[in-house]
Amino acid sequence: VAGPADHCLIMRPDDANIAGNVHGGTILKMIEEAGAIISTRHCNSQSGEPCVAALARVERTDFLSPMCIGDVANVSAEITYTSKHSVEVQVNVLSENILTGAKRMTNRATLWYVPLSLKNVDKVLEVPPIQYAWKELEEEGRKRYEEQKLERLVTKERNGDIIFPVINPEPYTVGCSQSSLIHLVGPSDCTLHGFVHGGVTMKLMDEVAGIVAARHCKTNVVTASVDAINFHEKIKKGCVITISGRMTFTSNKSMEIEVFVDADPFVDEPKERYRAVSAFFTYVSLSKEGKPLPVPQLVVESEDEKRRFEDGKGRYLQTKAKRQVQMQPLTQQ
């Protein structure tokens, strides 16, 4: 069994926004890299076909406290469950002030990886089993595995939405803040297979969500949480990807933004555009002193926007209580 993987990174100005807060996407990319290393290492721990672990899903994750320029991110990853064809990795991020030595838990995330053969990218290999300290740990892991498998199917079913541009939108409407980013996938974005790193995709998604939130509030904004991210299809080198975001819900102090990633394959095998990834990001608005500010309420116009607002409200009410419970033990560590 591969042991825990740990690494440290100092946060630089290009990792942060103009207020000095590290982008949520930068943290998600660090988390994914740590998960990819430990799961690839584990999947190659027994003699067999060489493989690379590809990201399949990231469970809901909360950003518990902001990280700033000059802080050191301590990232640690550990494998917590293996099924026949997938690996569950738990990643923790601690923010360290190297001048005072003070450390804070910034993020705790769960990721799922699938080992793909280096010789044939469509071939999913078997995962070497891990040893569990207690039988209960294996049973709990199996339960989490079944739950995420079911959720992935549900998400795939609601994936047909398209975001259209709006001419002369009114202030605080969905059309006023919706944003898109177009990116050509190059070699530096990709794994050994020539497919995009999950962390690269998540960083771009967070960037678009941040633009939507900033356009709506016109203040400093930071990522508060990300709902489960499902990677439905691989994105190949040479694809042009369109990352689109729109606001779906606002509470008094937070905004929910839906983000899609659509891929257009041009090189080698021209085919239809397809939906590769989708997720919901939650942002908060901050003052210059870093205190939460009230969020301007979203003006919903169409029936679809009203429906999405109500769906977002449901997710908000469900997670609000959970997040408060989770933050207590984490901030005490």
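Two strands pair if DSSP finds at least two bridges between them. In this predicted model, strand β5 (residues 87–96) meets that condition with β6, pairing in the antiparallel sense over 10 bridges. The two strands form a hairpin with 6 residues between them. Within this hairpin, glycine 101 takes a positive phi near 85°.

Strand β2 (residues 51–58) pairs with β6 in the antiparallel sense, over 7 bridges. Here cysteine 51 has serine 117 of β6 as its bridge partner. Strand β6 itself covers residues 103–117 and is mostly covered. Of its 15 residues, 11 are buried.

The helices were examined next. Helix α1 comprises residues 24–43, and helix α4 comprises residues 198–217. Their axes lie 8 Å apart. The packing angle is about 170°. Angles over 145 degrees count as roughly antiparallel, and α1 and α4 are therefore roughly antiparallel to each other. On the α1 side, the contact is made by Gly24, Gly25, Thr26, Leu28, Lys29 and Glu32. Helix α4 contributes Gly198, Gly199, Val200, Met202, Lys203 and Asp206. By class, the residues of this contact divide into 3 nonpolar, 5 polar and 4 charged.

An unreviewed UniProt entry lists Asn17 and Asp206 under "active site". The two listed residues span 190 residues in sequence, yet their C-alpha atoms are not more than 12.0 Å apart, so they gather at one spot. Asparagine 17 is found in the loop between β1 (5–10) and α1. Its relative accessible area is 16%. The cut-off for a buried residue is under 20%, so asparagine 17 is buried. Leaving aside neighbours within four places in sequence, asparagine 17 is in contact with His23, Asn220, Val221 and Val222.

Cysteine 176 lies in helix α3, which covers residues 174–177. Cysteine 176 is partly exposed, with a relative accessible area of 29%. Apart from neighbours within four places in sequence, Pro169, Glu170, Pro171 and Arg215 are in contact with cysteine 176. Cysteine 176 and valine 212 are 36 residues apart in sequence. In space, the C-alpha atoms of cysteine 176 and valine 212 are 8.8 Å apart.

Backbone angles were also considered. Most residues other than glycine have a negative phi. Tyrosine 172 has a positive phi near 65°. The place of tyrosine 172 is in the loop between α2 (135–157) and α3. Tyrosine 172 is partly exposed, with a relative accessible area of 37%. Lysine 218 likewise has a positive phi, near 60°. Lysine 218 is found in the loop between α4 and β8 (220–226). The relative accessible area of lysine 218 is 64%. A residue counts as exposed over 50%, so lysine 218 is exposed.

Key: Residues numbered from 1 in each chain as written. Predicted model: local features only at pLDDT ≥ 70, side-chain atom pairs only at ≥ 80, totals over all residues. Heavy atoms only, no water. Axes fitted to C-alpha atoms, helices over the stretch in contact; angles between N-to-C directions. Helix = DSSP H or I, 4+ residues; strand = E, 2+ residues; numbered from the N terminus. Parallel < 35°, antiparallel > 145°, perpendicular 65-115°, else oblique. Contact = heavy atoms within 4.5 Å. Nonpolar A, V, L, I, M, F, W, Y, C, P; charged D, E, K, R; others polar. Buried < 20%, exposed > 50% of the residue type's maximum accessible area, 1.4 Å probe, protein only. UniProt positions renumbered as here; feature names shortened; annotations may be inferred.
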